[in-house]
Amino acid sequence: MKSYKELKAKKNIALVAHDHKKDDLIDWIDAHKEELIKHNLIATGTTGARIEEKIGVPIQRVMSGPLGGDQQMGSMIATGLIDMVIFFWDPMEAQPHDSDVKALLRLGVVWNIPMACCPATADFILSSPYMQETYNSEVTDYSSYLNRKITP
């Protein structure tokens, strides 16, 4: 039997950007401010401060990504506290916390939440009719993995 996670009309949206992509994310957020302020916004440290300053609404902030913020967001995804992720990452520069970034993106896929890593995908997600209504996202059944027999 399939199970579903209900993404309410007011979504919990994680906003993350690498240093060289922060301006791009801030510009994107500013262009979509009216839609985004209808939702709960969560961001990593510096990015969250810049978003608050730009759009003038409080942002729930976690630590800076390299200091554990990416892992905090991953935990929030796994526990159902984040419904979608907008993560403008820099494909041209290695990050000291690449393993954390990969883990965050991996958890988004594991828990089947919408994720955008560039402005075009973020535009498509934000313009979806599902942004205005409740959406039932199928949750993958991991019971066979959880119940597997582990032999020494």
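Which residues touch the most other members of the largest nonpolar core? They are Ile13, Leu15, Leu25, Trp28, Ile29, Ile51 and Ile86, out of 21 residues in that core. A nonpolar core here is a set of buried Ala, Val, Leu, Ile, Met, Phe, Trp, Tyr and Cys residues joined through side-chain atoms within 4.5 Å. Buried means under 20% relative accessible area (1.4 Å probe, protein chains only).

## Basis of the model

This is a predicted model: local features need pLDDT of at least 70, side-chain atom pairs count only at pLDDT 80 or more, and totals for chains, interfaces and linings use all residues. Residues are numbered from 1 along each chain as its sequence is written, and side-chain values use heavy atoms, without hydrogens or water.

## Overall fold

The protein chain has seven helices and seven strands. These are DSSP runs, numbered from the N terminus: helices are H or I of at least four residues, strands E of at least two. Their order along the sequence is β-β-α-α-β-α-β-α-β-α-β-α-β-α. The radius of gyration, taken over C-alpha atoms, is 16 Å, close to the 15 Å that the globule rule gives for 152 residues, so the chain is as compact as a globular protein of that length. That rule is 2.2 Å times the number of residues to the power 0.38.

Buried residues make up 41% of the 152 residues. Contact means heavy atoms within 4.5 Å. Of the contacts with a separation of 6 or more, 73% link residues 24 or more positions apart.

In soluble globular proteins, nonpolar side chains tend to be buried together. The largest share, four residues, comes from α1.

Beyond its neighbours within four places in sequence, Leu25 contacts Leu15, Val16, Ala17, Thr47, Ile86 and Phe88. Apart from this core lies another, of 15 residues, among them Ile42, Met73, Leu104 and Ile113.

## Helix α4

Helix α4 (residues 69-78) buries Gly69, Asp70, Met73, Gly74, Met76 and Ile77. They cover an arc of only 160 degrees around the axis, so they sit on the same side of α4. The arc is that of the directions from the helix axis to the C-beta atoms. Their cover includes β2, β3, β4 (60-61), β5 and α5 (98-110). Just after α4, Gly80 takes a positive phi of about 80 degrees.

## Lys5

Lys5 lies in strand β1 (residues 3-7). Not counting residues up to four places away in sequence, Lys5 touches Gly80, Ile82, Asp83, Ile113, Tyr135, Asn136, Ser137 and Val139.

Note on methods:
Buried < 20%, exposed > 50% of the residue type's maximum accessible area, 1.4 Å probe, protein only.
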